Amino acid sequence: MKTLYYHASLITGDVDRLFLPGGYLLVDGDRVAAVGVCGDEALPEADVRHDLAGRILMPGMISSHCHFYGQFVRGMPLSEPIYNWQQYLSRMWWRVDKALDERQTYYSALMGLVEGLKAGTTTYFDHQASPNYITGSLDTIERAMRAVGGRGCLAYEVTDRDGAERAARGIAENERYIRAHQAEGDRFRGIFGLHASYSLSAETLERSSAVGNALNAGFHIHMAESEADVSDCYRRFDMHVVERLHEAGILGEKTITAHNVHLKPRHFGILRETGVTAAHNVQSNTNTAVGICPVVPLMDAGVHVALGGDGYTYDLFTELGFASIQQHIGQNDCSVFSGKQILDMSFTNNQRLAKRIFGYEVGVLRPGAAADFLILDYDPPTPLHAGNVLSHMTSGFSGHVDTVVCDGETVVERHHCTRVDEKEIFAGCRAEAQRLWDSLAAQ
């Protein structure tokens, strides 16, 4: 079926024609069929037509790094105070990971998807950790995504912190899921997940590299998030974490390195030459006080920095606005972080990553691309045009997502998910969160 959306303020995500006032979008099934401007030519024929009367239509946002499993920490009581990043891990995250079971994994993914889709995020590069529920965990997340909607590239984070047997099962879960999702056009893909250098032995990293590279799947790993990651790598291997992962064959054009906070300029060339995607998670990094990612120097050096959220947020409009102003203080220069860099981090680099993983275009409105897009109820209080559309996006779009289409199907309409009962899901989430909290309190 062909559906036409016309008289739209069309943000295409295409750097060569970013903003088309009075634009139209023709969708044929699950793909974009045509993009143009009303009045330049006759509008295409369609089975269904929607006059948007000037409302904004734009591509769905892409989160290059997230963790659905972390949703239940919101409001969670802590048994001990947390003062630094290491305590975040030992006193909260690693305790939560170990307690997760199948039902909690499922409901945490439902929760992240409901909130994420309503915020305008349609594609998720998720990173799962549940050492007592490994085998089948990625299928459970996929089941939640199929229920609510969304496009996903899923990974299980392999680590040695829970012993060799669980590390081996994590490797097997990645391999199984990657092999199961290699069909052309699949809405789901697998990527090989790794936790971080400091929790990976030489043997496990070598084995993971061999399996992941044999599958040509790419890797998804936390890198240089904290100073502890870097100092551990120097202590054990006498090299920086970037150098260790490069030597191990982990860095490449399908690889996501998340955080990238503690890097030196001498490492930028490795990231550029290997073609990795560096996922930036500004609010999470600020919350945990690990530091400020050198986004501007990285992008100036040609590194592909893409917008993430780390599961801390799925509202990528807010994340983007925060990222832009944080670079001002980080570089002590309010003129840095150019419009092109904002465009690259929010659209171009995420699109590049998605195409390499999924095999087709995502996050851009061009013929042949996936039909993933948003309609906003944002009524611009100041003039909106090609020269300032990014300023409106970073400061005004959050909270204004009315309609979300993913894979050609409307999954959010009038600010509500269409495929699931949100009240029922959140009731289930409250029950599962309480069960998780109770199990942690009993430890």
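Helices (H or I, at least four residues) and strands (E, at least two) are DSSP runs here, numbered from the N terminus. The model is a predicted one, in which local features need pLDDT of at least 70, side-chain atom pairs count only at pLDDT 80 or more, and totals for chains, interfaces and linings use all residues. Residues are numbered from 1 along each chain as its sequence is written, and side-chain values use heavy atoms, with hydrogens and water left out.

Let us start with Leu-138, which sits in helix 3. Leu-138 counts as buried because its relative accessibility is 1%; buried means under 20% relative accessible area, exposed over 50%, and partly exposed in between (1.4 Å probe, protein chains only). Taking contact to mean heavy atoms within 4.5 Å, and leaving aside neighbours within four places in sequence, Leu-138 touches Gln-128, Leu-154, Ala-155, Tyr-156, Glu-173, Asn-174 and Tyr-177. Gln-351 is 213 residues from Leu-138 in sequence, and their C-alpha atoms are 23 Å apart in space.

Helix 3 (residues 137–148) also takes us to helix 2. Two packed helices are described by the angle between their axes and the distance between the axes. The axes are lines fitted to C-alpha atoms, for helices over the stretch in contact, and angles run from 0 to 180 degrees between N-to-C directions. Helix 2 and helix 3 pack at about 40°, with axes 9 Å apart. That angle makes helix 2 oblique to helix 3, since angles under 35 degrees count as roughly parallel, over 145 as roughly antiparallel, 65 to 115 as roughly perpendicular and the rest as oblique. The crossing of helix 2 with helix 3 is right-handed; a crossing is left-handed if the near helix is turned anticlockwise from the far one by less than a right angle, and right-handed if clockwise. Among the residues that meet are Ala-109, Leu-113 and Leu-117 in helix 2 and Ile-141, Ala-144 and Val-148 in helix 3. By class, this contact of helix 2 with helix 3 has 11 nonpolar, three polar and two charged residues (Ala, Val, Leu, Ile, Met, Phe, Trp, Tyr, Cys and Pro count as nonpolar, Asp, Glu, Lys and Arg as charged, and the others, Gly among them, as polar).

Helix 2 (residues 102–119) packs on helix 14 (residues 422–441) as well, at an angle of about 135° and with axes 9 Å apart. Helix 2 is therefore oblique to helix 14. The contact includes Arg-103, Tyr-107 and Met-111 of helix 2 and Ile-425, Phe-426 and Arg-435 of helix 14. Its residues divide into eight nonpolar, two polar and six charged. The crossing of helix 2 and helix 14 is left-handed.

Now for the aromatic rings. Rings of Phe, Tyr and Trp (its six-membered ring) pair if their centres lie within 6.5 Å; planes under 30 degrees apart count as stacked, over 60 as edge-to-face and the rest as tilted. This rule gives 12 aromatic pairs. One of them joins Tyr-5 and Phe-373 edge-to-face, at 5.1 Å centre to centre and 75° between the planes. Tyr-5 and Phe-373 are both buried. Elsewhere, Phe-68, Tyr-124 and Tyr-314 form one aromatic cluster.

Finally, visit Pro-81, in the loop between strand 6 (61–66) and helix 1 (85–99). Pro-81 is partly exposed because its relative accessible area is 45%.
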